[in-house]
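Here are my notes on the fold, written to be read with the model open.

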Amino acid sequence: MATKSAEHAHIEHLVATRLPGSPIYQFLLSTVQITSASRGLCIARLPLTEVHMNSGSSLHGSVTATIVDWMGGMAISTHDLRDKSGVSVDIHVTYQSGAKVGEAIEIEGIAEKVGGSLAFTRVSIFKVEGGERGRLVATGTHTKFVKGSEPKAA
């Protein structure tokens, strides 16, 4: 088994310690698994259950937006191993296809730029098909105000 990167270990630590402190993230993301992380990139998988569905039995739009919000923060945290990722300024989500109960999704977050005040992220959500990344379900962009969230110098 390959050794996990510092970013991967950091994100798993954040999931274990911070996710329980957020009622909405705990409710929707308690079974999320971080599959890889490196500087500016985080990838996770989430098995879908009834709590993720809309009345049409497909992945709910608000759940998708919450995933974009969460993963944008995780991508920012991989940039410099920060514990906090700031506050949301803007989120956009585009929905391309659906996903159902019993399926899994793969979530990819990329920190495109992490500056002194703002960070810009891009999140893609894919259906897992045959154990591999499959059809695109949704994409999103997430801008966060990050001033003050950077790690303190030792």
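1. Terms to begin with: two strands count as paired if DSSP finds at least two bridges between them. Helices (H or I, at least four residues) and strands (E, at least two) are DSSP runs, numbered from the N terminus. This is a predicted model, in which local features need pLDDT of at least 70 and side-chain atom pairs count only at pLDDT 80 or more, while totals for chains, interfaces and linings use all residues. Residues are numbered from 1 along each chain as its sequence is written, and side-chain values use heavy atoms, with hydrogens and water left out.

2. Start with the sheet. It is open, has 6 strands in the order β1-β2-β4-β5-β6-β3, and its pairing is antiparallel. β1 (33-38) and β3 (87-95) are the edge strands, each pairing on one side only. On average, neighbouring strands are turned by 20° against each other, direction ignored. Angles here run from 0 to 180 degrees between N-to-C directions, and axes are lines fitted to C-alpha atoms, for helices over the stretch in contact.

3. Two hairpins follow one another. β4 (residues 104-114) and β5 (residues 118-129) pair in the antiparallel sense over 9 bridges, and 3 residues lie between them in the hairpin. I105 has K127 of β5 as its bridge partner.

4. V93 stands opposite G140 of β6, and the bridge partner of V87 in β6 is F145.

5. Now the helices against the sheet. α1 lies across β1 and β2 (41-47), running at about 140° to β1. α3 packs on the sheet and touches β1, β2, β3, β4, β5 and β6, its direction making about 50° with that of β4. Contact means heavy atoms within 4.5 Å.

6. How do the two helices meet? α1 (residues 6-17) and α3 (residues 61-80) pack at an angle of about 135°, with axes 9 Å apart. They are therefore oblique to each other; angles under 35 degrees count as roughly parallel, over 145 as roughly antiparallel, 65 to 115 as roughly perpendicular and the rest as oblique. On the α1 side the contact is made by E7, H10, I11, L14 and V15, and on the α3 side by W70, M74, S77 and T78. These residues divide into 5 nonpolar, 3 polar and 1 charged, where Ala, Val, Leu, Ile, Met, Phe, Trp, Tyr, Cys and Pro count as nonpolar, Asp, Glu, Lys and Arg as charged, and the others, Gly among them, as polar.

7. Last, the record. An unreviewed UniProt entry annotates residues 58-132 as "domain: Thioesterase"; such annotations may be inferred rather than shown by experiment. That span is 27% helix and 44% strand, and its end C-alpha atoms lie 20 Å apart.
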